[in-house]
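Have the sequence and the 3D view open as you read.

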Amino acid sequence: MKLLKERSRDELEAALVHLDEIIQHVVHDMEKAPGPGRQPILDLFRRDRKKITQELEKRGDA
């Protein structure tokens, strides 16, 4: 598995789009059937999104 710093800008931006879609689905599912089980998953996806955004900012690409 490649580290974030080894990924191209296009790969990172594609990952952000994908994570945004996943986050939207999880939030939608949480609205339909609330429960504590989905929150940790949502937090993980948001954490990953933040790390990717920070990597892009570090490169000056954000």
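The protein chain carries 13 positive and 13 negative charges, and their mean positions sit 4 Å apart. For this tally Lys and Arg are positive and Asp and Glu negative, with His and the chain ends not counted; each charge is placed at NZ of Lys, CZ of Arg, CG of Asp or CD of Glu.

A word on where this comes from: it's a predicted model, local features need pLDDT of at least 70, side-chain atom pairs count only at pLDDT 80 or more, and totals for chains, interfaces and linings use all residues. Residues are numbered from 1 along each chain as its sequence is written, and side-chain values use heavy atoms, with hydrogens and water left out.

## Salt bridges

Side chains of opposite charge can pair when their charged atoms come close. Here a salt bridge is a side-chain nitrogen of Lys or Arg within 4 Å of a carboxyl oxygen of Asp or Glu, and the count comes to 6.

Take Arg7 and Glu11: their side chains meet at 3.6 Å, N to O. Glu11 is partly exposed at 32% relative accessibility, and Arg7 is partly exposed at 28%. (Buried means under 20% relative accessible area, exposed over 50%, partly exposed in between, using a 1.4 Å probe and protein chains only.) Arg47 and Asp48 make another salt bridge, with the closest N and O atoms 2.9 Å apart. Arg47 has 41% relative accessibility and counts as partly exposed; Asp48 is partly exposed too, at 28%.

What does Glu55 pair with? Its partner is Arg59, at 3.1 Å between the closest N and O atoms. Both lie in helix 2 (residues 39-59), 4 residues apart, about one turn of the helix. Glu55 counts as buried at 10% relative accessibility, while Arg59 is partly exposed at 29%. Lys58 joins in as well: Glu55, Lys58 and Arg59 are linked in a network of salt bridges.

## Overall build

The protein chain has 2 helices and 0 strands; these are DSSP runs numbered from the N terminus, with helices being H or I of at least four residues and strands E of at least two. The C-alpha trace spans about 40 × 20 × 15 Å along its principal axes. Of the 62 residues, 16% count as buried.

Residues 24 or more positions apart supply 64% of the contacts with a separation of 6 or more, a contact being heavy atoms within 4.5 Å.
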